Amino acid sequence: MDQAKPFRIAKREVWEAFNRVKANQGAAGVDGQSIADFEANLSANLYKLWNRLSSGSYFPPPVRRVDIPKASGGTRPLGIPTVADRIAQEVVRRALEPNLEPAFHADSYGYRKGKSAIDAVAKARERCWRFDWVLDLDIKGFFDSLDWKLTLAAVRRHTNSPWVLLYIERWLKAPVQMEDGSIVARTTGTPQGGVISPLLANLFLHHAFDTWMTEKFPHIPFERYADDALCHCRSEAQARFLQDALKARLAECKLELHPEKTRIVYCKDVARKGDYPSIHFDFLGFQFRARKVRWVVKGKEVFAHSFLPAVSPKAQTRIGREIRRWALHHRSDKSLEDLARMYNPVIRGWISYYSHFYRTQLRPTLKRIDAYVIRWARRKYKRMVHQTKGGRDWFDRLRRKTPRLFAHWPLCHGNGRTSGAV
């Protein structure tokens with residue numbers, strides 16, 4: 001350690017941060033430097049970054065902004081830091097996170113080791129069976145609205161490290177480079193896409209929401225994944241009271257509940273009667289609503305409706321668009337084995353996530369791949385061009401011969417009946 005440096009940052013920490021950033025990959029920032037470019041002169045680049053961090057002379061460059069499409073329409077701004085800046089943010093994240101993790105609420109699931117979105121959905125499913133009402137929260141423009149003064153005050157409650165505080169403040173204030181190349185100053189928020197942003201978001205909502213809920217409404221359980229949150233209530237009146245209280249609380253924290261997207265939902269199923277305008281909600285890519293399930297009671301099949309999550313229509317639309325973008329039927333230069341190798345990792349990812357709950361809901365969307373495979377065969381084998389039945393017969397023979405060639409075939413064409421255990 002160089003004793004002349006004002007900040008004691010181990011070189012090993014910068015090396016470990018680089019390995020984490022490399023594993024996560026990601027696009028180049030405003031300097032156009034890729035991870036491979038950075039790694040081409042790794043030793044010199046890491047030393048330069050460590051030297052600047054340790055001396056206090058590191059200033060983050062602007063964050064490159066790109067707009068990515070949302071499943072519901074419109075776009076979401078994403079901030080892409082440079083590779084070096086991502087490494088610097090990872091150094092700070094590694095220093096700060098151990099102080100925060102023990103303080104975080106058990107029902108905060110986002111961006112935390114040992115917790116996942118699936119854990120949050122599973123807990124929400126369990127509580128929807130016990131509580132009749134859900135307050136589905138949506139914070140308007142959360143990442144763009146974070147107040148810097150309140151964010152830094154929250155950080156100071158958990159660390160007195162001067163370099164951690166210094167660099168977090170600089171990242172909060174870093175400008176944005178728009179897609180036309182113009183540089184725009186910012187006055188609030190933390191860019192989605194930054195390494196440090198998820199931790200700052202969690203910390204802010206830990207104080208603005210989690211601890212406040214625990215103190216003011218300890219009898220109302222919730223699940224929160226970043227800025228997505230559900231609160232489980234006993235009655236509609238309780239949900240409305242909580243909504244009003246949360247509106248005032250978030251206003252104190254300079255945040256706003258989205259007036260249209262925040263909803264009170266009745267978890268209607270076979271045992272819950274009455275007509276209400278909202279009887280379903282979306283959470284982390286799943287839609288919760290009444291669904292038909294099969295139970296085995298004393299050796300007999302019984303069908304009923306239970307309030308359950310399954311892949312949401314928005315997620316299905318997004319998956320369908322991705323399948324269409326593949327244009328698999330135009331890849332007649334590839335063999336089927338090549339196509340399976342190309343697309344199976346993505347298909348497995350969808351199945352791995354969405355098949356945790358009511359997995360058969362995935363079937364219609366994933367079966368679209370089969371239609372493209374048949375169209376591929378008609379292009380590849382000209383004799384099938386005008387033979388609709390010939391293409392389907394060919395596909396059925398192929399699937400029976402190689403039932404696991406494509407990752408979705410066991411789910412879509414095997415025995416995947418939904419039961420009470422979904």
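## Contacts across the chain

Take the contacts (heavy atoms within 4.5 Å) in this protein between residues at least 6 apart in sequence: 69% of them join residues at least 24 apart. This is a predicted model, where local features need pLDDT of at least 70, side-chain atom pairs count only at pLDDT 80 or more, and totals for chains, interfaces and linings use all residues. Residues are numbered from 1 along each chain as its sequence is written, and side-chain values use heavy atoms, with hydrogens and water left out.

## The overall picture

The protein has 15 helices and 11 strands. Both are DSSP runs numbered from the N terminus: helices are H or I with at least four residues, strands are E with at least two. Along the principal axes, the C-alpha atoms fill a box of roughly 75 × 60 × 40 Å.

Of the 422 residues, 49% are buried. Here buried means under 20% relative accessible area, exposed means over 50%, and partly exposed is in between (1.4 Å probe, protein chains only).

## Holes inside

How many cavities of 30 Å³ or more does a search of the whole structure find? There are 2.

A cavity, by the way, is a set of points on a 1 Å grid over the protein atoms alone where a 1.4 Å probe fits but cannot get out; lining residues have an atom within 4 Å of a point. Grid points are joined across faces, edges and corners, and the volume is the space filled by probe spheres set on the points.

F222 sits in strand β6, which covers residues 222-225. Is F222 buried or exposed? It counts as buried because its relative accessibility is 3%.

Leaving aside neighbours within four places in sequence, F222 is in contact with several residues, among them H105, R127, F209 and L230. F241 is 19 residues from F222 in sequence, and their C-alpha atoms are 15 Å apart in space.

## And D228

D228 belongs to strand β7, residues 228-233. With 29% relative accessibility, D228 counts as partly exposed.

Which residues does D228 touch, leaving aside neighbours within four places in sequence? Its contacts are E223, F283 and L284. D228 and I139 are 89 residues apart in sequence, yet C-alpha to C-alpha they are 7.8 Å apart in space.

Terms used:
On a 1 Å grid over the protein atoms alone, a cavity is a set of points where a 1.4 Å probe fits but cannot get out, and a pocket is an open set with protein on both sides within 12 Å along at least five of seven lines; lining residues have an atom within 4 Å of a point.
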